[in-house]
Amino acid sequence: MLAGKHIALGVSGSIAAYKAALIVRELKKLGAQVTVVMTRHAKEFITPLTLEVLSGEPVLLDTFGQQLPRLQHISLAEQADLLLVAPATANIIGKFAQGIADDFLSTLYLALKIPVLVAPAMNKNMWAHPAVQDNIKILKERWVDIIAPGVGELACGGEGAGRLTEVSMIVERVIKHLAAKAGLAGKKILVTAGPTREYIDQLRFISNPSSGKMGYALAGEAQKRGAEVTLISGPASLSPPDGVRFIEIDTAYGMYQAVSKYFKAHDALIMAAAVADYTPAKQIKGKFKKSSQELPLSLVSTTDILTQVSHKKGDRLLIGFAAEVEDIIKNAKQKLKQKKLDLIVANDVSRPGVGFEVDTNAITIIDKAGVVEEHPLMSKQKAAQVILDKMECLCEQEHAG
């Protein structure tokens, strides 16, 4: 199942390091090439020779020995299909999250543009510590896949969450990544995300609570499926997915300019951004001083980006979003028709856990034939998978036609 795949296995200093031998053996059985990278402390728990014999490859250590070619971390980063760190200590997780590169493994991580899986293993109190959980959150936002630790008896004698999850589950997660569908290979996908800011003066602006999480999830998932992805984003406190071309904009007009510029070079546009419908007719120079007088504010419509690009649609796919609070399906169908969309993704943002500033979404997908598919509350990552599954079906239909 993993024939032709090259996996870099990072092993850090945990009592669970002995399980790295089992992981190597299982990955080799599935046909993978495995290169092991060990930290200095990992060598205290399992010898490099053991992992070298099992992998059939030289083990890379935390120092750059003379026997290794220069820039070996760059070479491995370019050759590997996936980095798996198992076990991952609180120390190596912290290094990854904070960008510290003081050994081979942490330096390799920073040089990568491939999927990264991290399987933590530590004491239950360490795992629950806010510093560790903050670092885990950072890694998740950077599209690192965290394989949650298991619950049970720990090496320290206690019991709780923190033990390295079962080897079989780790291997299954590797298979899921490397055997993932490449249904968008060869496609160029343009994705928009986040809010826009419409400035009243140089300091004040009109905006909305969009976090950009849905658009970023779509961009990351499309990239995983083999697409070349360009992400155009308004202000968002998220790191763009690895391997994605990133264009940062601020205003609705900036979004319009960027989409117009890149649209022709792409096969599809997924318009997930929450672009402002109105902008101040005139921006006040400098800062408007507060006074007892009312602030006169005249608003004008912004350019409807989807309407504009639909005139140049050709055989490109257009996917829009509709954030509604009432008559969800009716309003979404109307928008679908008016803007000549192939799909529209609607949601009721008045529902708890749906829409802006949350990690979950409940979506309704409607195609141009009027077929309605309602999906329950799920993570935005899962919602991205559902949307792109539907998009892949459209691509297949067009190819067959």
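Let's start with Met391, which is buried (under 20% relative accessible area, 1.4 Å probe, protein chains only), with a relative accessible area of 1%. A word on the source: this is a predicted model, where local features need pLDDT of at least 70, side-chain atom pairs count only at pLDDT 80 or more, and totals for chains, interfaces and linings use all residues. Residues are numbered from 1 along each chain as its sequence is written, and side-chain values use heavy atoms, without hydrogens and water.

Back to Met391. Met391 sits in helix 13, residues 380–400. Helices here are DSSP runs of H or I, at least four residues; strands are runs of E, at least two; both are numbered from the N terminus. What does Met391 touch? Leaving out residues up to four places away in sequence, Met391 touches Ile189, Ala268, Ile270, Leu317, Ile319 and Leu343. Contact means heavy atoms within 4.5 Å.

Next, helix 12. Ile328, Ala332 and Leu336 are buried there. They lie on the same side of helix 12, because they cover an arc of only 60 degrees around the axis. That arc is taken from the directions from the helix axis to the C-beta atoms. The buried residues pack against strand 16, strand 17 and strand 19 (364–367). The face turned away carries Lys330, Lys337 and Gln338, which are exposed (over 50% relative accessible area). After helix 12 comes Lys340, with a positive phi near 55 degrees.

One more stretch of this model: Met391 and Met38. They are 353 residues apart in sequence and 41 Å apart in space, C-alpha to C-alpha.
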